[in-house]
Amino acid sequence: MALMVKDAASSATKFVQRAQAAAPDYAKGVAGAGARWAAATAGANDSYVAGVTAAANAGRFKKGVEAAGPAKYETAATGKGAQRYAPGIQLAGPNWQNKTSPYLDTIASLTLPPRRPKGDPSNYVRSQAVGEALRKKKVGG
């Protein structure tokens with residue numbers, strides 16, 4: 001005897017409705033859970049590396065991109081992505097400032113050699129100095 005299964009459209013409607021109704025439960029569940037999340041996530045590093053390595057070796061990233069195709073990307077980016085972009089940026093502003101400030105300070109602290117005429121190869125030394133200082137700031141040493 002065949003199993004009775006609801007159609008995908010009805011299931012999708014129910015999924016969306018129930019998820020929207022569960023938003024307060026989600027907020028309550030994540031409040032104060034940062035320490036547990038950090039400990040569990042850091043503890044899963046070896047599993048993460050193993051999983052990503054296995055997926056990369058099997059070519060699953062490329063397969064996923066090919067399966068989704070360009071239309072899915074464009075639909076998601078122009079729909080939900082465009083709607084979420086401005087509010088997401090607004091929420092991220094203070095964090096962006098905090099994370100960017102040390103790099104801007106690093107650039108501001110540099111004393112670069114004088115500019116040479118346009119096209120002069122010695123101008124590359126200026127770019128190199130900025131690149132090296134920013135890399136040192138990021139990784140140390």
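**Entry 1: salt bridges**

I began with R116 and D120, whose side chains meet in a salt bridge at 3.7 Å, N to O. I kept in mind that this is a predicted model. Side chains of opposite charge can pair when their charged atoms come close.

I then looked up how open this pair is. R116 has a relative accessible area of 46%, so I noted R116 as partly exposed. D120 comes to 23%, so D120 is partly exposed too.

How many salt bridges does the count come to? I got 2.

I went on to E66 and K62. They form a salt bridge, and their closest N and O atoms are 3.9 Å apart. The cut-off for a salt bridge is 4 Å.

I asked myself how E66 and K62 are placed along helix 5. They are 4 residues apart in that helix, so about one helical turn separates them.

Are these two buried or exposed? E66 has 53% relative accessibility, so I put E66 down as exposed. K62 has a relative accessible area of 56%, so K62 is exposed as well. The exposed class starts over 50%.

**Entry 2: T106**

I stayed with helix 5, which runs over residues 60-108, and found T106 in it. Is T106 buried or exposed? Its relative accessibility is 13%, so T106 counts as buried. The limit I used for buried is under 20%.

Which residues does T106 touch, leaving aside its neighbours within four places in sequence? I listed A133, L134 and K137 as its contacts.

**Entry 3: helix 6**

I turned to helix 6, residues 124-139. I wanted to check its span against its residue count. Helix 6 has 16 residues, and at 1.5 Å a residue they should span 22 Å. The expected span takes 1.5 Å times one less than the number of residues.

What comes just after helix 6? I found G140 there, with a positive phi of about 80 degrees.

**Entry 4: a nonpolar patch**

Which residues make the nonpolar patch? I noted Y48, V49 and V52, which together make a patch of about 290 Å².

V49 has its place in helix 4, residues 45-57. A residue needs over 30% to belong to a patch.

Note on methods. Residues are numbered from 1 along each chain as its sequence is written. This is a predicted model: local features need pLDDT of at least 70, side-chain atom pairs count only at pLDDT 80 or more; totals for chains, interfaces and linings use all residues. Side-chain values use heavy atoms; hydrogens and water are left out. Helices (H or I, at least four residues) and strands (E, at least two) are DSSP runs, numbered from the N terminus. Buried means under 20% relative accessible area, exposed over 50%, partly exposed in between (1.4 Å probe, protein chains only). Contact means heavy atoms within 4.5 Å. Patches are made of residues with over 30% relative accessible area and no salt bridge: like charges are joined within 9 Å, nonpolar side chains (Val, Leu, Ile, Met, Phe, Trp, Tyr) within 5 Å. Accessible areas come from the Shrake-Rupley method with a 1.4 Å probe; for residues, only the protein chains shown count as cover.
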